[in-house]
Amino acid sequence: MATEPGSPHFSASDSAYMARALQLARRGLYTTHPNPRVGCVIVRDGAIVGEGCHLRAGEPHAEVHALRAAGERARGAIAYVTLEPCSHHGRTPPCSDALLEAGVARVVAAMRDPNPRVAGQGLARLAASGVEVASGLMESEARALNPGFISRMERGRPWVRIKSAMSLDGRTAMASGESQWITGTEARADVQRWRAQADAVLTGSGTVLADDPSLNVRVDAAALGIDGAVRQPLRAVLDTRLRTPPEARLFGLPGKVLLFAGPDGASRRAALEARGAEVCEIAADERGLDLEAVLHELAAREINEVHVEAGAHLSGALIAAGLADELLLYVAPSLLGDGGRGLFALPGLERLSERVELDVREMRQLGRDWRVLAGFERDSAL
């Protein structure tokens, strides 16, 4: 029985099987909310005998699917799983029990579960029953699959991804506010996939008043590689004084609308609730709503990933407050001139050393445009 004394040694075949488990986990990218995306591979005598992934909350976890596929061949086998098997009763029974009942001899987890209800207990339970256990294989890849779940468990708030589009000279719109469309069809289609991946799309009332956006996911399930209807994320609006018009396009669409308001917005609450909105009161000051309180409220609602599509002021406020984790930036090969609107409203800096640093993780061409995915270096969830 191994209980991970020091750093476990993993073979090339261990890595290959875990890579397959991670590939399986990605099948749940758009569907597992609020659960993490998890994949599992069962290997016996050097061959895969079962594999599976978690697809939807309330349905069997990845380990159960893989064990069912393996059947009796799971006895004495190795289970590779991208997240530590759960050890508690939630919407489904503990996966650690299922692995023990199947008689697996070894369990390799990419990472420990950050959920305090598990937090090493799943692997400990297996080890106490004589199963060889190890973790840490391809952990960075496993964490990258579930930044929101990890952030919610470790930091008590969702992962915040800010999406924006700009010209090569850093402008998001003309001085008049005209911005449709800076980017091409390929980039705009890509945005729909990121919305589908998120649990909530967040904007401010200024954007609602200026652009009247729908903020829903407009992509076919087949294009996402999923069965059934596309899940619509929560549409959340920061609206201190409840300026959102009852006739806004946000309403009357599938999915929920949540308005975050300050104490002074009560007079307009009834009209918006009649349109199906939920109004949540949040502390506010002269600068606006308490952004950290907003994110904690979203976490309490089991929101893992927040996709922000907002103007320069809200996006800049999230960055300045240290609450932005990732920047999803679409860059169009065009110039809008000095009169165009800037990307973010951020405080002026006195010294270059005060600049906000980012880590560029990916660059990809989409039609004539470029997509840049960058993380703020201060983040701790990945």
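The legends below describe close-up views of a predicted model. Local features are given where pLDDT is at least 70, side-chain atom pairs count only at pLDDT 80 or more, and totals for chains, interfaces and linings use all residues. Residues are numbered from 1 along each chain as its sequence is written, and side-chain values use heavy atoms, with hydrogens and water left out.

View 1. The structure holds 0 disulfides, a disulfide being a pair of cysteine sulfur atoms within 2.5 Å. For Cys40, the closest cysteine sulfur belongs to Cys95 and lies 8.5 Å away, too far for a bond. For Cys95, the closest cysteine sulfur is that of Cys86, at 3.8 Å, which is also too far for a bond. Cys40 is buried at 0% relative accessibility, and Cys95 is buried at 1%. Here buried means under 20% relative accessible area, exposed means over 50%, and partly exposed lies in between, with a 1.4 Å probe and protein chains only.

**View 2. The salt bridge between Asp325 and Arg155.** This pair belongs to a structure that holds 23 salt bridges; a salt bridge is a side-chain nitrogen of Lys or Arg within 4 Å of a carboxyl oxygen of Asp or Glu. The closest N and O atoms of Asp325 and Arg155 are 3.0 Å apart. The pair links distant parts of the chain, 170 residues apart: Asp325 is in the loop between helix 12 (312-320) and strand 15 (326-332), and Arg155 is in helix 6 (residues 147-155). Helices (H or I, at least four residues) and strands (E, at least two) are DSSP runs, numbered from the N terminus. Asp325 is buried, with a relative accessible area of 1%, whereas Arg155 is partly exposed at 23%.

View 3. Arg161 forms a salt bridge with Glu305, and their closest N and O atoms are 3.2 Å apart. Arg161 in strand 6 (residues 159-167) and Glu305 in strand 14 (residues 305-308) are 144 residues apart, so the pair links distant parts of the chain. Arg161 is buried at 2% relative accessibility, and Glu305 is buried at 2%. A network of salt bridges links Arg37, Arg161, Glu305, Glu326 and Arg361.

View 4. Arg269 and Glu273 both lie in helix 10 (residues 269-273), 4 residues apart, about one turn of the helix. Their salt bridge has its closest N and O atoms 2.9 Å apart. Arg269 is partly exposed, with a relative accessible area of 30%, and Glu273 is partly exposed at 36%.

**View 5. Strand 18 and its antiparallel partners.** Strand 18 (residues 369-376) is mostly covered, with 7 of its 8 residues buried. Strand 15 runs antiparallel to strand 18 and is joined to it by 6 bridges; two strands pair if DSSP finds at least two bridges between them. Tyr330 has Arg371 in strand 18 as its bridge partner. Strand 17 (residues 358-366) also runs antiparallel to strand 18, with 8 bridges between them, and Leu366 has Asp369 as its bridge partner. The hairpin of strand 17 and strand 18 has 2 residues between the strands, and there Gly367 takes a positive phi near 65°.

**View 6. The second largest pocket.** The second largest pocket has a volume of about 610 Å³. Lining it are 21 residues, of which Arg26, Trp194, Gln197, Glu362 and Leu373 are the closest to its centre. Helix 5 (139-145), strand 6, helix 7 (185-197), strand 17 and strand 18 each give two or more residues to the lining. Helix 7 provides the largest share, 4 residues. By class, the lining has 9 nonpolar, 1 polar and 11 charged residues. Ala, Val, Leu, Ile, Met, Phe, Trp, Tyr, Cys and Pro count as nonpolar, Asp, Glu, Lys and Arg as charged, and the others, Gly among them, as polar.

**View 7. The largest cavity.** The structure holds 2 cavities of 30 Å³ or more, and the largest cavity contains about 90 Å³ of space. On a 1 Å grid over the protein atoms alone, a cavity is a set of points where a 1.4 Å probe fits but cannot get out; a pocket is an open set with protein on both sides within 12 Å along at least five of seven lines; and lining residues have an atom within 4 Å of a point. Grid points are joined across faces, edges and corners, and a volume is the space filled by probe spheres set on the points. Of the 17 residues that line the largest cavity, Thr32, Asn35, Arg37, Asn304 and Glu305 lie nearest its centre. The lining has 5 nonpolar, 8 polar and 4 charged residues.
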